[in-house]
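This report describes the fold of one protein chain and then turns to selected parts of it. The sequence and the structure are shown first.

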Amino acid sequence: MNKLKWSPHFETGSEEIDDDHRRLVGLVQDIHEAIEKNDLMLCVGLANKFLGELSDHFDREEALLERVGYPNTEGHKKYHASLLAEARELKRLCSEKDGVEKLGECYAAMVAVLVDDIIRGDSMFKSYLEHSGHRAPRKPKDG
Ligand SMILES: [Fe+2]
Ligand SMILES: [Fe+2]
């Protein structure tokens with residue numbers, strides 16, 4: 001079971017998106033530690049948190065793609081929906097009675113879902129952001 005690490009290759013050119021991706025990678029690292037400690041309760045709690053954060057991230061990313069006029073926003077939305085369905089199904093499988101024995105597998109599959117978005121899916125709009133001159137500025141924060 002390899003621990004996922006943040007890599008500069010993950011950067012998309014949008015600080016907002018990169019912050020989200022960093023947080024998600026951090027959560028996956030916490031899940032890794034919970035599995036190593038055999039802390040199933042913590043693991044399930046973190047997996048729930050991960051799913052919530054992943055869903056929020058997809059919403060923010062889609063809003064950004066609409067803002068910058070990315071031509072394949074609809075396609076990327078469908079892609080997100082399929083990743084989210086996959087992640088929900090994984091969580092369901094991992095919460096089953098014999099889930100403890102499958103935690104390592106479930107973890108690896110969740111990492112694969114996240115990396116799929118960051119590396120494969122989001123690399124498609126990375127070049128759009130670069131070449132269209134959109135720097136996708138960070139959204140102003142309240143306060
Ligand atoms: Fe993403
Ligand atoms: Fe994405």
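Of the 143 residues of the protein, 25% count as buried. The model is a predicted one. Its secondary structure consists of five helices and zero strands, which read along the sequence as α-α-α-α-α. Among contacts between residues at least 6 apart in sequence, 66% join residues at least 24 apart.

**Helix H2**

Helix H2 covers residues 40-67, a run of 28 residues. At 1.5 Å a residue, H2 should span 40 Å, and this agrees with its end C-alpha atoms, which are 40 Å apart. The buried residues of H2 begin with Cys43, Leu46, Ala47, Phe50 and Leu54, and continue with His57, Phe58, Glu61, Leu64 and Leu65. An α-helix has 3.6 residues a turn, so residues three or four places apart point the same way. Just after H2, Gly69 adopts a positive phi of about 70°.

**The segment before helix H1**

Asn2 lies in the segment that precedes helix H1 (15-36). Is Asn2 buried or exposed? Asn2 is exposed, because 8 other C-beta atoms lie within 10 Å, and a residue counts as exposed at 12 or fewer. Asn2 can also be placed relative to Gln29: the two are 27 residues apart in sequence, and their C-alpha atoms are 10.0 Å apart in space.

The C-alpha to C-alpha distances given above are collected here.

| Pair | C-alpha to C-alpha distance |
|---|---|
| Ends of helix H2 (residues 40-67) | 40 Å |
| Asn2 and Gln29 | 10.0 Å |

Notes: Residues are numbered from 1 along each chain as its sequence is written. Chains are lettered from A and ligands numbered from 1 in the order in which they are written. This is a predicted model: local features need pLDDT of at least 70, side-chain atom pairs count only at pLDDT 80 or more; totals for chains, interfaces and linings use all residues. Helices (H or I, at least four residues) and strands (E, at least two) are DSSP runs, numbered from the N terminus. The expected span of a helix is 1.5 Å times one less than its number of residues. A residue is buried if 20 or more other C-beta atoms lie within 10 Å of its own, exposed if 12 or fewer, and partly exposed in between; C-beta atoms are placed from the backbone. Two residues are in contact if their C-beta atoms, placed from the backbone, lie within 7 Å.
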